[in-house]
Amino acid sequence: MTGIILVALFILLLFLGVPIAFTLGIVAFVGIWMLDSLPLQVVMQSMFSGLESFILLAVPLFILAANIMNQGKISEKLINLAVSMVGHIRGGLAQANIVVSMFFGGISGSAQADTAGVGKILIPSMIKEGYSKSTAVGTTAASSTMGMLIPPSIPMVVYGSVTSVSVGQMFLGGVIPGLLMGVAMMALVGFISKQQNYPRHERVSMKDIGKNFLTCIPPLLTPVIILGGIIGGFVTPTEAAIIACGYALILAVFVYRTITLKDMPAIVYDTIRLSSLTLFALATATALGHLFSYYRVPDLIAGFFQDNFSSVGFFLIAVILLFLFVGMFLDAIPAMILFVPIVLPASEALGVDPVHFGIVIVMCLAVGMITPPYGLCMLLASSIAKLSVSKSIVALLPYVAVILVTIIIVAFLPDLALWLPSFID
């Protein structure tokens, strides 16, 4: 009976539009309050214990680095490079949208930051060039999800914290699946552009492409510095995030001179606001996870997976369906805190590599960024384009289908995720 009440409360709060972080906290509080055997102090204790991880300091630091890059207008330089590279293809600006998301994903580690930073520039530009609002929203929101795969990646940092898997290996494991996803989306955009006869830009000379590339070398070195430091054993992920912040600040203030130190209070404030939401969701998810443990939910679900999925293939399909569903309602971070510990024992029993397993989960949760009701990237892009949510959902369906095909390919061809990490075993 208690479980039914808590599920009904969760659905009601989501229906009322209560932010997911508060929804998780309220459900955890009410659930523990209904138990006589647990004091209410457990809620706060669980929330604080969920944040007692040094590696989680990387989350606000990567957000700060992304904000500095955005405010420093470095995304505009990356857009110019992407347009010069692929603008001559039919639907060139849409293709450049995807390419710049690959670039920006390697700097920000956040899908939301990509949608906000790139979308504010490219969505109005695409509409002005004659692209439909649906194409502009679909391309921008879908390509932003690569920010969760191409390193650095905030969800991968959290996965590493939950499972004790090497964050460096996770970062490397996301490179090929992220690029595969980008190529698949470019193929889709190419098909749509031919159908709609979208415009193309004039071909840019190799000399001009080279000039744009030279201008963008400093920001493009960000993932190289981060990955090199972590893989080389010189820094931890948190220390790498600190270096990324310092490097972004040097670029924006001294190299490009696009922001001044007077701009920093506003950037820090925005970072604190975004980080607090993310980490608060993580804390409340930990508290709800404690309640789950009391009711032995993890044991029940883990037993279900172990008893009913003896084949690795069927198990991966079940996990994909689970996280696609969960991602529709939860952000990636609380979803991992709640459900990864539940399914991880079954994956280990079946011999699934934890890095490959993590990459598949991150890809599934990335879909939740562009599907309702959560769909944060979808909502951001639709608000920029002033397009209704219902039309945005329809526009994103082809991209969701392409991402799902990519997920299946990566799930059943684990070497795509494990080839690069194998070099640092």
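User: Which helix is Thr286 found in?
Analyst: Thr286 is found in helix H14, which covers residues 264-294. Keep in mind that this is a predicted model.

User: Is Thr286 buried or exposed?
Analyst: Thr286 is buried, because its relative accessible area is 19% and buried means under 20%.

User: What is Thr286 in contact with, leaving aside its neighbours within four places in sequence?
Analyst: Thr286 is in contact with Ser46, Ser49, Gly50 and Ile337.

User: Where is Ser46, then?
Analyst: Ser46 is found in helix H3, residues 41-50. Ser46 counts as buried, with 5% relative accessibility.

User: And what does Ser46 touch?
Analyst: Not counting residues up to four places away in sequence, Ser46 touches Ala283, Thr286, Ala287 and His290. There is also a C-alpha separation to look at: Ser46 and Leu291 are 245 residues apart along the chain, and their C-alpha atoms are separated by 9.6 Å.

User: New topic. Which helix holds Gln95?
Analyst: Gln95 is found in helix H6, residues 92-108.

User: Buried or exposed, for Gln95?
Analyst: Gln95 is buried, with a relative accessible area of 3%.

User: What lies 3.2 Å from a polar atom of the Gln95 side chain?
Analyst: That is the backbone oxygen of Met186. Met186 is also one of the residues that Gln95 touches when residues up to four places away in sequence are not counted.

User: Now the surface. Which residues make the nonpolar patch?
Analyst: Leu221, Val224, Ile225 and Ile243 make a nonpolar surface patch of about 310 Å².

User: Which helix gives the most to that patch?
Analyst: Helix H12, residues 206-231, gives the most, with three residues. Ile225 lies in helix H12.

User: Why does Ile225 count as partly exposed?
Analyst: Its relative accessibility is 36%. Partly exposed is the range between the buried limit, under 20%, and the exposed limit, over 50%, so Ile225 falls in that range.

User: Last topic, cysteines. How many disulfides does the structure hold?
Analyst: The structure holds zero disulfides.

User: What about Cys216 and Cys245, buried or exposed?
Analyst: Cys216 counts as buried at 1% relative accessibility. Cys245 is buried too, with a relative accessible area of 9%.

Technical notes
Residues numbered from 1 in each chain as written. Predicted model: local features only at pLDDT ≥ 70, side-chain atom pairs only at ≥ 80, totals over all residues. Heavy atoms only, no water. Patch = residues over 30% accessible without salt bridge, like charges linked within 9 Å, V, L, I, M, F, W, Y side chains within 5 Å. Areas by Shrake-Rupley, 256 points an atom, 1.4 Å probe, with all protein chains shown as cover. Salt bridge = Lys/Arg side-chain N within 4 Å of Asp/Glu carboxyl O. Helix = DSSP H or I, 4+ residues; strand = E, 2+ residues; numbered from the N terminus. Buried < 20%, exposed > 50% of the residue type's maximum accessible area, 1.4 Å probe, protein only. Disulfide = S-S within 2.5 Å. Polar contact = N/O pair within 3.5 Å; in protein donor to acceptor, adjacent residues only side chain to side chain. Contact = heavy atoms within 4.5 Å.
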